[in-house]
Amino acid sequence: MFDFNFYAPTRVVFGRGAEKQVGRLVSETGCKKVLVHFGSGSVRRTGLLERVEQSLRQSGVDFVELGGVVPNPRLGLVCEGIELCKREGVDFILAVGGGSVIDSSKAIGYGVANEGDVWDFYDYTREAEACLPIGCVLTIAAAGSEMSDSSVITKEEGLIKRGYSSDTCRCKFAIMNPELTMTLPDYQTQSGCVDILMHTMERYLVREDTMSLTDGIAEAVMRTVMENARILKTRPDDYDARAEVMWASSLSHNGLTGCGGDGGDWASHNIEHELGGLFDVAHGAGLAAVWGSWARYVYKARPERFAKFAVNVMGVSPLENDGETALAGIRAMEDFYRQIGMPTSLTELGICPTDEQMREMAEKCCIHGKRRVGCVIPLDADDVEKIYHMAR
């Protein structure tokens, strides 16, 4: 195992009607003016935005609005938000929505608190020294951004999707009411479940040994998500299932399931980011489409780890050797994806990249030779291109 530093400063307020506490929580920060950041009209149609803003008014908190966040959030809106915050004297950002809204809020927070071009952080040319404080009212269980140190933004020019991590962006508080996720379409719910699974698998399916306790926590998170994803296919208004998935979202990406590990593989995420950037696909669905091909490409470097996943998470009976058990586990996970209506190939995802597009994505994934992705096997652009072809 590796030494580690676990840091999870976010205050969680969890349960029915939790959003009614937002005004008090924001006022306790001592801020003077809030940016209420959100996505499409859904938070307005459901009445959530009005409840949130009424709570702010009752607590004497001044605010301005900025909506329009889309899945795979765009740099252009981030820059608009930065200018709005500077002009209005905003000193706190309240994200009302899912991971895309929270990620956009974090990027705006970086841009306000640091001089220069905010894209520099996502282009890995410098580090953020600070971030405007952020809180969130979560409406989608998926990205785990409500408790993570990361955010992902898409730059329109070149359709480049990049993630950046810094402890400075961690939310001060996260309000989680599972009822707020009940209006989601099934595809979004299940795509979110895949994202939660992948955040856990990225830390679990790694090159080096981790802690047994951490593995046990990760295995429990994955089994819980799978069990409740199946429940939500037929009972989307099941509060307990929604609650289990929502809490798993936070635990999967706040660092807990990586304690004692090597930092995680993250190749699948980097491979999917290029699909999201070029084709604007749902993140979780894109992960499901490429995961099996990545797993088959790398499992021989660590068959015993993949076999442990197969037995302890997927319920596979051990076969003749670790390699066969590992492959059975990969097949079992793909079967699960199909059970919940998620794709297991690019064709099922609804896209058909050309050979030229696959090469372009592979080059961008590896930043044109400047990095390799993953740790089970560090992948260069040729490797990533082969995985895209396998996934087709």
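Is Asn-72 buried or exposed? Asn-72 is buried, at a relative accessible area of 6%. Bear in mind that this is a predicted model.

**Backbone: positive phi**
- Most residues other than glycine have a negative phi.
- Asn-72 isn't a glycine, yet its phi is positive, near 55°. Look for Asn-72 in the loop that links strand 3 (62-66) to helix 4 (75-88).
- Leu-159 also has a positive phi without being glycine, with a value near 50°. Leu-159 sits in the loop between strand 6 (150-155) and strand 7 (160-165), and with 32% relative accessibility it counts as partly exposed.

**Helix packing**
- Two packed helices are described by the angle between their axes and the distance between the axes.
- For helix 10 (residues 267-279) and helix 16 (residues 381-391), the axes come within 11 Å and cross at roughly 65°, so helix 10 is roughly perpendicular to helix 16. The crossing of this pair is right-handed.
- Helix 8 (residues 212-234) packs against helix 13 (residues 322-339) with the axes 10 Å apart and an angle of about 25°. Angles under 35 degrees count as roughly parallel, so helix 8 and helix 13 get that label. Their crossing is left-handed.

**Surface patch**
- Met-1, Phe-4 and Phe-6 make up a nonpolar patch on the surface, and together they have about 330 Å² of accessible area.
- Met-1 belongs to the segment before strand 1 (11-14) and is exposed, at 58% relative accessible area.

Terms used. Residues are numbered from 1 along each chain as its sequence is written. This is a predicted model: local features need pLDDT of at least 70, side-chain atom pairs count only at pLDDT 80 or more; totals for chains, interfaces and linings use all residues. Side-chain values use heavy atoms; hydrogens and water are left out. Patches are made of residues with over 30% relative accessible area and no salt bridge: like charges are joined within 9 Å, nonpolar side chains (Val, Leu, Ile, Met, Phe, Trp, Tyr) within 5 Å. Accessible areas come from the Shrake-Rupley method with a 1.4 Å probe; for residues, only the protein chains shown count as cover. A salt bridge is a side-chain nitrogen of Lys or Arg within 4 Å of a carboxyl oxygen of Asp or Glu. Helices (H or I, at least four residues) and strands (E, at least two) are DSSP runs, numbered from the N terminus. Buried means under 20% relative accessible area, exposed over 50%, partly exposed in between (1.4 Å probe, protein chains only). Axes are lines fitted to C-alpha atoms, for helices over the stretch in contact, and angles run from 0 to 180 degrees between N-to-C directions. Angles under 35 degrees count as roughly parallel, over 145 as roughly antiparallel, 65 to 115 as roughly perpendicular and the rest as oblique. A crossing is left-handed if the near helix is turned anticlockwise from the far one by less than a right angle, and right-handed if clockwise.
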